[in-house]
Amino acid sequence: MLLIRRVGRPEYDALPERALDALRMLKNFGKGFKIDRYQHSLQTATRAFRDGADEETVVAALLHDLGDVLAPTNHAEYAGTILEPYVSEKTHWVARHHSL
């Protein structure tokens, strides 16, 4: 197990950049809306930040639609699953159910 952790560490350390890469995939995605899903994600995080939300909530707001590209029929569940190990139970629940 220690070997797996040591060998896999670079992948774990690269996780924030991979999350941003996934966020960038939302550029020009979401035809029919006034703005694309990337801009929507930035707006959502900005509004949370300006409203005084904590860092966890702002990050969750930024990443809440990551699943739009790969899991459009259950994108909220997808985003909730990605965020779950890193956020509180409340934030996970909100992310997982935000499209209901």
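**Exercise 1. The exposure of Arg24 and its salt bridges**

Determine whether Arg24 is buried, partly exposed or exposed in this predicted model, and identify which residues form salt bridges with Arg24.

*Solution.* 
Step 1. The relative accessibility of Arg24 is 37%. A residue is buried under 20% and exposed over 50%, so Arg24 counts as partly exposed.

Step 2. One partner of Arg24 is Glu17, with 3.2 Å between the closest N and O atoms. Glu17 has a relative accessible area of 41% and is partly exposed.

Step 3. Another partner of Arg24 is Asp21, at 2.6 Å from N to O. Asp21 is likewise partly exposed, at 37% relative accessibility.

Step 4. Arg24 and Asp21 both belong to helix H2 (residues 15-24), where three residues, about one turn of the helix, separate them.

Step 5. Taken together, Glu17, Asp21 and Arg24 are linked in a network of salt bridges. The structure holds five salt bridges.

**Exercise 2. The nonpolar core and the pocket**

State how many residues the largest nonpolar core has, and where the largest share of the lining of the largest pocket comes from.

*Solution.* 
Step 1. The largest nonpolar core has 14 residues, and those with the most contacts inside it are Leu23, Ala45, Leu62, Leu63 and Leu83. Helices H3 (37-50) and H4 (55-63) each supply at least two residues of this core. The largest share, five residues, comes from H4.

Step 2. In soluble globular proteins, nonpolar side chains tend to be buried together.

Step 3. Beyond its neighbours within four places in sequence, Leu63 is in contact with Ala19, Ala79 and Leu83.

Step 4. The largest pocket has a volume of about 330 Å³. Of its 15 lining residues, Leu15, Ala19, Leu63, Ile82 and Tyr86 are the closest to its centre. The elements H2, H4 and H5 each give two or more residues to this lining, and H2 provides the largest share, six residues.

**Exercise 3. The surroundings of Ala53**

Locate Ala53 and find which residues are in contact with Ala53, leaving aside its neighbours within four places in sequence.

*Solution.* 
Step 1. Ala53 is placed in the loop between H3 and H4, and its relative accessible area of 27% makes this residue partly exposed.

Step 2. With those neighbours set aside, Ala53 is in contact with Ala48 and Val58.

Step 3. From C-alpha to C-alpha, Ala53 and Gly67 are 23 Å apart in space, and they are 14 residues apart in sequence.

**Exercise 4. Confidence in the model**

Identify which element of the chain has the lowest mean pLDDT and which has the highest.

*Solution.* 
Step 1. The chain averages a pLDDT of 89, and 91% of the residues score at least 70.

Step 2. Among the elements, helix H1 (residues 2-13) has the lowest mean pLDDT, 68, whereas H3 has the highest, 97.

Step 3. Where pLDDT is low, the predicted coordinates should not be read in detail.

Conventions:
Residues numbered from 1 in each chain as written. Predicted model: local features only at pLDDT ≥ 70, side-chain atom pairs only at ≥ 80, totals over all residues. Heavy atoms only, no water. Salt bridge = Lys/Arg side-chain N within 4 Å of Asp/Glu carboxyl O. Buried < 20%, exposed > 50% of the residue type's maximum accessible area, 1.4 Å probe, protein only. Helix = DSSP H or I, 4+ residues; strand = E, 2+ residues; numbered from the N terminus. Core = buried A, V, L, I, M, F, W, Y, C linked by side-chain atoms within 4.5 Å. Contact = heavy atoms within 4.5 Å. pLDDT = per-residue confidence, 0-100. 1 Å grid on protein atoms, 1.4 Å probe; cavity = no way out; pocket = protein on both sides within 12 Å on 5 of 7 lines; lining within 4 Å. Points joined across faces, edges and corners; volume = space filled by probe spheres on them.
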